[in-house]
Amino acid sequence: MTLDNTELLRFTTAGSVDDGKSTLIGRLLYDSKSIFEDQYEQIATTSSKRGEEGVNLALLTDGLKAEREQGITIDVAYRYFATPKRKFIIADTPGHIQYTRNMVTGASTANVALILIDARHGVVEQTRRHSFIASLLQIPHLIVCVNKMDLVDFSEEAFNKIKDDFQTFSHRLDVKDIDFIPMSALLGDNVVEKSENMDWYGGSTLLYSLENVHIGSDNNFIDCRLPVQTVIRPYNDEYHDYRGYAGRIAGGVWKKGDEVTILPSGFTTKVAKIDSYDGELEEAYPPMSVTMLLEDDIDISRGDMIVRTNNQAEVTQDVEVMLCWFNERPLQPGGKYGIMHTTKEARCMVKDVRYRLDINSLHRDEENKDIKMNDIGRVLLRTTAPLFVDSYRKNRITGSVILIDEQTNETVAAGMVI
Ligand SMILES: Nc1nc2c(ncn2[C@@H]2O[C@H](COP(=O)(O)OP(=O)(O)OP(=O)(O)O)[C@@H](O)[C@H]2O)c(=O)[nH]1
């Protein structure tokens, strides 16, 4: 199996206001030569006009800020850069109040989360919240960036103290891989270039870590799931008999001849052919977009799911989820919402709120179960139509749902199936 997608790494950044996120991203782009000379000159001019001493690399990502200041809501901006080793997509999520929502939106497909800590302040409440959300979202790799080391005299003790503090609470989190890097985004220490001010640090730079972190096993290559997005039936003579089911593979490795079952109808058939934009495929796996052709003529429509016969998703109308609430109007127990799961849309009712989670203490609050903006809680939903789900732990795509307020059409929550 050739996993071309290991070449593409998605990561997200989280930190409190002023920890240096914009500067770090700017430094990463600049030192890895991912920006153009004229862009650099532009920000150099702006920096000097503003009377700043050096070139303010945070200005590189300030387009986003300007738009926000004009009142345009941008939840997540995706930035793209590449080195000879890998391609990167950064989900740049503005910090501030709506961090839960932003992080969930940006992080749901991320391989890596960068957690920024200001070396002067150490682990703060936001650090704990962000790390908890990253673990809840099962982001496979965390890199804790201890930034502004220049302001603590590049002290090894300061770094070790922060690392210890972080580990004290993170051992209760479910994160497989955590790395710590002492850096100065402002001066460029340990971002792309190795620091000359921290001889005591034997680890790698941030870019090196990003280029080399193993993401080949971040996708689910075991449980075959294809949520059907559209049925393709070209109306011309040449393709007269063509009928394909298009969608993005959410799990498993697929081959011609595989025995498959269609949910919810339960009909069983075999894969006749797998087409793609680049022609017929021998093998297909996540996150490829494909068109699947089947041996038998079966009535299949958008929202159905193709799975392997001997390994099926659970078909259910009772879905237990961890819900991250995004909206100013709190969750209504007993309330009705629209629900989206992969390509399927239905409606649901909130049957029970089991508990609200206190993000700071990680304790369950069973007394105060009001789920308000940025809260996380465990909830039981009853859907109007069966969904074909896996646990989020098993599959981040088929294990997640989105709730929609049907009056306003706003996305009010994201849920992870337990
Ligand atoms: N001394 C020092 N200052 C830094 C470092 N990194 C960032 N800063 C400064 O910290 C301030 C905040 O940096 P930003 O990059 O704007 O921080 P941010 O986290 O993106 O802030 P928001 O966009 O407001 O969330 C700026 O004045 C930076 O120059 C660093 O490594 N050392």
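**Notes on the predicted model**

1. Let me start with a loop: Asp-153 sits between β5 (141-147) and α6 (156-170). Please keep in mind throughout that this is a predicted model. Most residues other than glycine have a negative phi, and most peptide bonds are trans. Asp-153 has a positive phi, near 55°, and is not a glycine. Is Asp-153 buried or exposed? Asp-153 counts as exposed because 11 other C-beta atoms lie within 10 Å, and the limit for that class is 12 or fewer.

2. Phe-154 belongs to the loop between β5 and α6 as well. Phe-154 is another residue other than glycine with a positive phi, near 50°. Its surroundings deserve a separate word: Phe-154 has 21 C-beta neighbours inside 10 Å and therefore counts as buried, the threshold being 20 or more.

3. Two cis peptide bonds are worth a look while you have the backbone on screen. One runs from Leu-263 to Pro-264, where omega is near 10°. Pro-264 lies in the loop that links β11 (259-263) with β12 (268-276). Another joins Pro-286 and Pro-287, with omega about 0°. Here Pro-287 falls in the loop between β14 (283-284) and β15 (289-294).

4. Now for the overall layout. The protein chain holds 7 helices and 23 strands. Of its 418 residues, 40% count as buried. Among contacts in the protein chain with a separation of 6 or more, 70% come from residues 24 or more positions apart. The domain assignment divides the protein chain into domain 1 (7-212), domain 2 (225-308) and domain 3 (314-417).

5. How do domain 1 and domain 3 meet, and how many residues are in contact? On the domain 1 side there are 11 residues, and they touch 13 residues of domain 3. Both α4 (99-107) and α5 supply at least two residues each to that side of domain 1. The most comes from α5, which gives 5 residues to the side touching domain 3. Sorted by class, this side of domain 1 has 5 charged, 3 polar and 3 nonpolar residues.

6. The 12 residues of α5 reach 16 Å from first C-alpha to last, close to the 16 Å expected at 1.5 Å a residue. Its buried residues are Thr-127, His-130, Ser-131, Phe-132, Ile-133, Ala-134 and Leu-136. An α-helix has 3.6 residues a turn, so residues three or four places apart point the same way. Just beyond α5, Gln-138 adopts a positive phi of about 55°.

7. Gln-126 is a residue of α5, which spans residues 125-136.

8. On to the ligand. Which residues come nearest to the ligand? They are Gly-20, Lys-21, Ser-22, Thr-23 and Leu-186, out of 17 residues around the ligand. The shell around the ligand contains 7 polar, 5 nonpolar and 5 charged residues. Helix α1 (residues 21-31) gives the most to this shell, with 3 residues.

9. Helix α1 is largely enclosed by the rest of the structure, because 9 of its 11 residues are buried. Those buried residues are Lys-21, Ser-22, Thr-23, Leu-24, Ile-25, Gly-26, Arg-27, Leu-28 and Leu-29. Just after α1 comes Lys-33, with a positive phi of about 60°.

10. Finally, the strand pairing around β17 (residues 314-325). β17 pairs with β21 (residues 376-389) in the antiparallel sense over 10 bridges. Within that pairing, Glu-320 stands opposite Leu-380 of β21. With β23 (residues 411-417), β17 also pairs in the antiparallel sense, over 5 bridges. There, Met-322 has Met-416 of β23 as its bridge partner.

Key. Residues are numbered from 1 along each chain as its sequence is written. This is a predicted model: local features need pLDDT of at least 70, side-chain atom pairs count only at pLDDT 80 or more; totals for chains, interfaces and linings use all residues. Helices (H or I, at least four residues) and strands (E, at least two) are DSSP runs, numbered from the N terminus. Domain bounds come from an automatic or database domain assignment. Two residues are in contact if their C-beta atoms, placed from the backbone, lie within 7 Å. Ala, Val, Leu, Ile, Met, Phe, Trp, Tyr, Cys and Pro count as nonpolar, Asp, Glu, Lys and Arg as charged, and the others, Gly among them, as polar. A residue is near a molecule or strand if its C-beta atom, placed from the backbone, lies within 6 Å of it. Two strands pair if DSSP finds at least two bridges between them. The expected span of a helix is 1.5 Å times one less than its number of residues.
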